[in-house]
Every structure is written in C-alpha cells, then in structure tokens.
Amino acid sequence: MNKRTRRTVIAGNWKMNMTPDQAKKAIEDLRPLVKGKGRCDIVLCVPAIDIPAAVKAAKGSRIKIGAENVHFEPKGAYTGEISADMLVSSGVEYVIVGHSERRQYFGETDETVNKRVKAALNAGLKVILCVGEVLAQRDLGITKEVLSMQTKIALSGVTEDQLKNLIIAYEPVWAIGTGRVATPDQADEGNGFVRAAVAELYGKKAAEALTVQYGGSMNEKNAAELLARVNVDGGLIGGASLVAEKFAAIVDAAQ
Ligand code: PGA
C-alpha cells in the first residue's frame, strides 16, 4: 500500500467552539460544499454537547462525526467523563485521543492516552491519535525520539487488526493555533517518523497502510502543498474547520 491506496482523511477539530445551534448551522452550511463522491473521508470532531445536533445535521451526508476525547473506564464514578459506549450509542464514529491541549492543560500522559486508545478501539470507535513534539524538543533535535516514544506507548496492547481503525495525526505543538505551519518537508518528515515507529511495532506493510495526518495551522492556502507529500494522508484542522468554506477548500485540496 502507498499514498495512492491509503485513505485520505480530512478531520476538523472544533475544540471548545460552537453551541449546538451553531453546530447545526455549520454542518448545514458545509454539506452542499462537500457533496459528491470524493476520494477522502470527512470527519468533524465536535464538543460532546454538540454531538446529537451534529449527528442529526450530518445524517445522509459524507460528513462523519467524532468526539474530542473519551474516558478509558466503561462506567462508574468519574464525574464529568464520557465513555466510549456512550459515544458509540450517540452516533459517533471517530474520537480524537491525546491531543496536545489535553496533554498540556489536562494532565494527559502517554499512559492515559494508551488506555483511552484501547478503550475506544475496543468499543468500535475509530481513533485519531495525536502525537507531536514541543518546540524545545525540536530545538534539541529529539523530534524523532519523542514521536517514536509517544506512538509506541500509545499503541501498547493494540492489535495489528485494530490498526484499521486507527489514524495518527502528527501535530507539532509549536504549529497548533499559532499560524506557524510546519513546512511541507517538516510535515513529511514528522509523519515519516511516526510511520517508522509503527513499522517497528507491526512491520512495514501495516505501517504503509496507515493513514497519517498532519495537523497544526493547516488552512485552505497551505493544504494542497502539505497534502501532496508522500507521507501526508490528510489533515487534522482546528481553526480553519470552524468556517465551512475554508474547511471545504481543504477537502477540495485533498481530492
Ligand atoms: P489549528 O489546530 O489548525 O488551529 O492549528 C490543529 C489542532 O489542534 O488539531
């Protein structure tokens, strides 16, 4: 398998934006812009409270709905948390795990990321696993080691068969929400480091079949150049996913 045969996935990450009413309108605006049989999958990962409205608004379209996080326990005394089964029964198909904002602001560790990945996959969700180095790590020249370590810990206990429901998003933390996008070379190299780590765990064939996205200030202007790279199989898009026209333009660039 190679870039031509791997699935391209364009996913939006709305973060803490959009009320349910705004979510409904945003998806209604997006639907006609992404109509038709494209070569890429389209996902919108939305705040938990928006899920019912988003699932309803996306019904019958190409747009799949994802969540932005999931708890690793199936149920119990975990105030404020949401389980994988709750997401599945609400019509959610994808979930982001290990986003750097969760690692940075909410104490997420490689170990809890691993637990969430396994819980989500075991429940039948498709996982978008985020990995990425901070600027100090890049400056130290340890980007490859950081990506390899995050990837390997996150996938500990994940079977090769479950990889078909896994996407990894390489998101350099210094590029997220900063407008400072990685160069196409940096994105391709980072995605390649991630793929190499997956190859060490599961072999080259499995790694070649894996969709690896780039994320971090991807927008309608820079998407085509990033997506043209051999290791870049899609994007995880924050800011630009909030505006239907911008997000649709990125989808266009991917197909
Ligand atoms: P950004 O966010 O596109 O706003 O940089 C990307 C992300 O956090 O996934």
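**Rings and ligand**

A search of the whole structure turns up 2 aromatic pairs. Rings of Phe, Tyr and Trp (its six-membered ring) pair if their centres lie within 6.5 Å; planes under 30 degrees apart are stacked, over 60 edge-to-face, and the rest tilted. Tyrosine 105 and phenylalanine 106 are edge-to-face, because their ring centres are 6.4 Å apart and their planes stand at 85°. Tyrosine 105 is exposed, at 56% relative accessible area. Phenylalanine 106 is exposed as well, at 55%. (Buried means under 20% relative accessible area, exposed over 50%, partly exposed in between, with a 1.4 Å probe and protein chains only.)

The rings of tyrosine 170 and tyrosine 214 have centres 6.3 Å apart and planes at 65°, so this pair is also edge-to-face. Both tyrosine 170 and tyrosine 214 are buried.

This is a predicted model: local features need pLDDT of at least 70, side-chain atom pairs count only at pLDDT 80 or more, and totals for chains, interfaces and linings use all residues. Residues are numbered from 1 along each chain as its sequence is written, and side-chain values use heavy atoms, leaving out hydrogens and water.

Now the ligand. A polar side-chain atom of lysine 15 lies 2.7 Å from a ligand oxygen atom. For histidine 99, a side-chain N or O atom is 2.7 Å from an oxygen atom of the ligand. Serine 217 uses a backbone N or O atom, 2.7 Å from a ligand oxygen.

Definitions and conventions
A polar contact is a pair of N or O atoms within 3.5 Å; within protein, one must be able to donate a hydrogen and the other to accept it, and residues adjacent in sequence count only if both atoms are side-chain atoms.
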